[in-house]
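Please look over the sequence and the model before reading on.

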Amino acid sequence: MKRAYLPLILLLILVLQGVSLDLLPGNLLRSDWLIVSHWVFIFLVFIAVFYDNESTHYSVLYALIFGLLIDIVYTSTLGVYMFSYASTIYLIYGLKKLLHGNILVVALLGSVGLIVSDGMIYLIYSVVGLTDIPWSMYLTNRLLPTIGSNLIFLFVLYPLFAKKLTNWGKDQITKGNSF
């Protein structure tokens, strides 16, 4: 049953991500800011840091699957979120080997991951012609508010899932199940 926990949690977060802007105060939505919820990505960072070990890549697999689901449900172009989430989570998976998993490291990796992932999404959409926002406006009106709001979500999730994911990852090792 524990094997189904991660996909179910990710699916719940995917659904909640769609209504997350309704949870924000109205004055934030009326401003020039464009806040994008990357809650699934934040939880994938937690999986990469706390759940995966040297021989598993569950975070990358879930990034591919749920990136594609985000593309199907929320966007009109398939593969953009799937590619950006999977490649960024793979980068974070590699960087986590250099750093100890605590709240500051998770916040740093989450911030770097959000910058890389959202930057890739912006770059792909710019090349394809789906967005024409200038870089300076993108940086101030979308990237910075997106990082701030998603870091708040990261700090809310940390006490709830850091130890659980670590324990589930250790259980995965003792049972000998690998990807």
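How many salt bridges does the count come to? The count comes to two salt bridges, where a salt bridge is a side-chain nitrogen of Lys or Arg within 4 Å of a carboxyl oxygen of Asp or Glu. This is a predicted model, so local features need pLDDT of at least 70 and side-chain atom pairs count only at pLDDT 80 or more, while totals for chains, interfaces and linings use all residues. Residues are numbered from 1 along each chain as its sequence is written, and side-chain values use heavy atoms, with hydrogens and water left out.

**Salt bridges**

- Glutamate 54 pairs with lysine 97, and their closest N and O atoms are 3.9 Å apart.
- This pair links distant parts of the chain, 43 residues apart. Glutamate 54 sits in the loop between α3 and α4, and lysine 97 in the loop between α5 and α6. Helices (H or I, at least four residues) and strands (E, at least two) are DSSP runs, numbered from the N terminus.
- Glutamate 54 counts as exposed because its relative accessibility is 60%. Lysine 97, at 46%, is partly exposed. The cut-offs are under 20% relative accessible area for buried, over 50% for exposed, and partly exposed in between (1.4 Å probe, protein chains only).
- Aspartate 118 forms a salt bridge with arginine 142, with the closest N and O atoms 3.0 Å apart.
- Aspartate 118 lies in helix α6 and arginine 142 in helix α7, so this pair ties together parts 24 residues apart in sequence.
- Aspartate 118 is buried, with a relative accessible area of 1%. Arginine 142 also counts as buried, at 12%.

**Nonpolar core**

- The largest nonpolar core has 51 residues. Such a core is a set of buried Ala, Val, Leu, Ile, Met, Phe, Trp, Tyr and Cys residues joined through side-chain atoms within 4.5 Å.
- Val40, Phe43, Leu44, Phe46, Ile89 and Leu165 touch the most other members.
- At least two residues of this core come from each of α1 (5-18), α3 (39-51), α4, α5 (80-95), α6 and α7 (135-175).
- Helix α3 gives the most to this core, with 13 residues.
- Phenylalanine 46 is in contact (heavy atoms within 4.5 Å) with Tyr51, Val106, Leu154, Leu157, Tyr158 and Leu165, leaving aside neighbours within four places in sequence.

- Isoleucine 121 is found in helix α6. Isoleucine 121 is buried, with a relative accessible area of 0%.
- Leaving aside neighbours within four places in sequence, isoleucine 121 contacts His38, Val80, Tyr81, Ser84 and Arg142.
- Isoleucine 121 and phenylalanine 46 are 75 residues apart in sequence and 21 Å apart in space, C-alpha to C-alpha.
- Valine 80 is in helix α5. Valine 80 counts as buried because its relative accessibility is 4%.
- Valine 80 touches Asp71, Ile121, Ile124 and Tyr125, not counting residues up to four places away in sequence.
- The C-alpha atoms of valine 80 and threonine 131 are separated by 13 Å, and the two residues are 51 apart along the chain.
- Serine 111 is found in helix α6 (residues 103-128). At 16% relative accessibility, serine 111 counts as buried.
- Serine 111 contacts Ile147 and Leu151, leaving aside neighbours within four places in sequence.

- Leu68, Ile72, Val73, Tyr74 and Leu78 make a nonpolar surface patch of about 480 Å². Patches are made of residues with over 30% relative accessible area and no salt bridge; like charges are joined within 9 Å, nonpolar side chains (Val, Leu, Ile, Met, Phe, Trp, Tyr) within 5 Å. Accessible areas come from the Shrake-Rupley method with a 1.4 Å probe, and for residues only the protein chains shown count as cover.
- Valine 73 lies in helix α4 (residues 58-74). Valine 73 is exposed, at 51%.
- Leucine 99 lies in the loop between α5 and α6 and is partly exposed, at 38%.
- Leucine 99 touches Val105, Leu108 and Leu109, not counting residues up to four places away in sequence.

**Record annotation**

- The unreviewed UniProt entry annotates residues 31-51, 60-83, 103-131 and 143-161 as "transmembrane region". UniProt positions are given in the numbering used here, feature names are shortened, and annotations may be inferred rather than shown by experiment.
- In the model, residues 31-51 are 62% helix and 0% strand, with end C-alpha atoms 38 Å apart.
- Residues 60-83 are 79% helix and 0% strand, with end C-alpha atoms 10 Å apart.
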